[in-house]
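Me: I have a model open and want to go through it piece by piece. Can we start with the strands?

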Amino acid sequence: PISSPDLLIASAGPGRFSTVDVICSIAKSCGAKVVLITAQPERASCVKQTTDVCYVPAQTWQVTAEVRRRRDE
């Protein structure tokens, strides 16, 4: 259970994970504060569910895969 005095700290390096989106949405609807830690806040689909976003400049697996795909084209 999660409620208004609680804080959920969620991590989504590339910004988008359906499970993180759902968990953040449920926490917010229960009144909890939600902080998202991500390397790509511009891609974060659950930002509207968060109280705050913590940006960590880092390379994610998704970025690495996109760079390889472009390189191989």
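Me: Which residue stands opposite Cys54 in S3?
Reply: Ile37 stands opposite Cys54. Bear in mind that this is a predicted model, in which local features need pLDDT of at least 70, side-chain atom pairs count only at pLDDT 80 or more, and totals for chains, interfaces and linings use all residues. Residues are numbered from 1 along each chain as its sequence is written, and side-chain values use heavy atoms, with hydrogens and water left out.

Me: How many bridges between S2 and S3, and in which sense?
Reply: Four bridges, and S2 and S3 pair in the parallel sense. Two strands pair if DSSP finds at least two bridges between them.

Me: How many bridges join S1 to S2?
Reply: Five, and S1 and S2 also run parallel. Leu7 has Lys33 in S2 as its bridge partner, and Leu8 has Val34.

Me: In what order do the strands sit in the sheet?
Reply: The order is S1-S2-S3, three strands in an open sheet with parallel pairing. S1 and strand S3 (52–55) are the edge strands, each pairing on one side only. Neighbouring strands are turned by 20° against each other on average, direction ignored. H1 packs on this sheet, touching S1 and S2, and its direction makes about 165° with that of S1. Axes here are lines fitted to C-alpha atoms, for helices over the stretch in contact, and angles run from 0 to 180 degrees between N-to-C directions.

Me: What is the pattern along the sequence?
Reply: The pattern reads β-α-β-β-α, with two helices and three strands in the protein. Helices (H or I, at least four residues) and strands (E, at least two) are DSSP runs, numbered from the N terminus.

Me: Where is confidence lowest?
Reply: In helix H2 (residues 61–72), at a mean of 66; strand S1 (residues 7–11) is highest at 93. The average pLDDT of the protein is 82, and 86% of the residues score at least 70. pLDDT is the predictor's confidence in each residue, from 0 to 100. Where it is low, the predicted coordinates should not be read in detail.

Me: Why does Thr38 count as buried?
Reply: Because its relative accessible area is 2%. A polar atom of the Thr38 side chain lies 2.6 Å from the backbone oxygen of Ala12.

Me: Different topic. How many disulfides are there?
Reply: The count comes to zero, where a disulfide is a pair of cysteine sulfur atoms within 2.5 Å. As for the cysteines, Cys24 counts as buried because its relative accessibility is 0%, whereas Cys54 counts as partly exposed at 35%.

Me: Now the loops. Where is Ala32?
Reply: Ala32 is in the loop between helix H1 (18–29) and S2, and counts as buried at 7% relative accessibility. Its C-alpha is 6.2 Å from that of Pro5, although the two are 27 residues apart in sequence.

Me: What is Ala32 in contact with, leaving aside its neighbours within four places in sequence?
Reply: Ile2, Ser3, Ser4, Asp6 and Ala27. Contact means heavy atoms within 4.5 Å.

Me: Gln40, buried or exposed?
Reply: Gln40 counts as buried, at 8% relative accessibility. Gln40 is in the loop between S2 and S3, and its C-alpha is 9.9 Å from that of Cys54, 14 residues apart in sequence.

Me: What share of the protein is buried overall?
Reply: Of its 73 residues, 30% count as buried. Among contacts between residues at least 6 apart in sequence, 51% join residues at least 24 apart.

Key: Buried means under 20% relative accessible area, exposed over 50%, partly exposed in between (1.4 Å probe, protein chains only). A polar contact is a pair of N or O atoms within 3.5 Å; within protein, one must be able to donate a hydrogen and the other to accept it, and residues adjacent in sequence count only if both atoms are side-chain atoms.
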